[in-house]
Amino acid sequence: MPFLHTATEKIYYEVHSPAFTDQTDTIVMIHSVITDHTLFDSITAELTQHYSVIQYDLRETGNSASATGEISFEAHIEDLFHLLHTLHIKKCYLVGVGFGGHIAVEFAARYEFLVEGLILLSLPFYSDSTTQKIKRYYNEESKNKIPVEKIFELGGLESIEHANIQQLIKRLKKMDPNVLVKNQSTG
């Protein structure tokens, strides 16, 4: 598996090259807090017909790991910068979902010279008051487990029966609760 190594971080990434041409634009996919790089698997094959596609896992998600456990918004932005620098990417399109969209926006503002375009599929959908309710529920009632049902309830989701939602629920239940709380605190 390919990893970007820093002094304390191990960031997992995948580069998918186009099948028909070697001169293409690059798309970097940035997932949300409760997912990992596989969120984009269903569209990567289609995109690689015309683009190079980079998928990576944010710190402490998927296959990425941190020796320090540090999760900050600044760290996520610098991880992306380091990834692009290491892979010699001079310009790219950023695609962000949820928290990944927030990272993409901040990255584009700071490193405009590296960004050809920005595609935001969604930005984080919880208001500050809703995030505070989730944190309170996590701290007071959930016994240090991610309050999956409460998150979906407060998000106004009517049904959790869809297969993709069930997949998110499984991933959330396996996730280290501290990672979710730290990421919610950084955005």
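A residue is called buried when its relative accessible area is under 20%, exposed when that area is over 50%, and partly exposed in between, as judged with a 1.4 Å probe on protein chains only. At 6% relative accessibility, Tyr12 is therefore buried. The model is predicted, so local features need pLDDT of at least 70 and side-chain atom pairs count only at pLDDT 80 or more, while totals for chains, interfaces and linings use all residues. Residues are numbered from 1 along each chain as its sequence is written, and side-chain values use heavy atoms, with hydrogens and water left out.

Strands here are DSSP runs of E of at least two residues, and helices are runs of H or I of at least four, numbered from the N terminus; two strands pair if DSSP finds at least two bridges between them. Strand S1 (residues 3-5) runs antiparallel to strand S2 (residues 9-16), joined by 3 bridges, and the two form a hairpin with 3 residues between them. Within this pairing, Phe3 is opposite Tyr12.

Rings of Phe, Tyr and Trp (its six-membered ring) pair if their centres lie within 6.5 Å, and planes under 30 degrees apart count as stacked, over 60 as edge-to-face and the rest as tilted. The whole structure holds 5 aromatic pairs. One of them joins Phe3 and Tyr12 edge-to-face, at 5.6 Å centre to centre and 70 degrees between the planes. Elsewhere, Phe81, Phe107, Tyr111 and Phe113 make up one aromatic cluster.

A nonpolar core is a set of buried Ala, Val, Leu, Ile, Met, Phe, Trp, Tyr and Cys residues joined through side-chain atoms within 4.5 Å. The largest has 25 residues, and Phe107 is among those touching the most other members, as are Val28 and Leu84. Helix H2 (73-86) and helix H3 (99-110) each supply at least two residues of this core. A second, separate core of 6 residues includes Phe40 and Val95.
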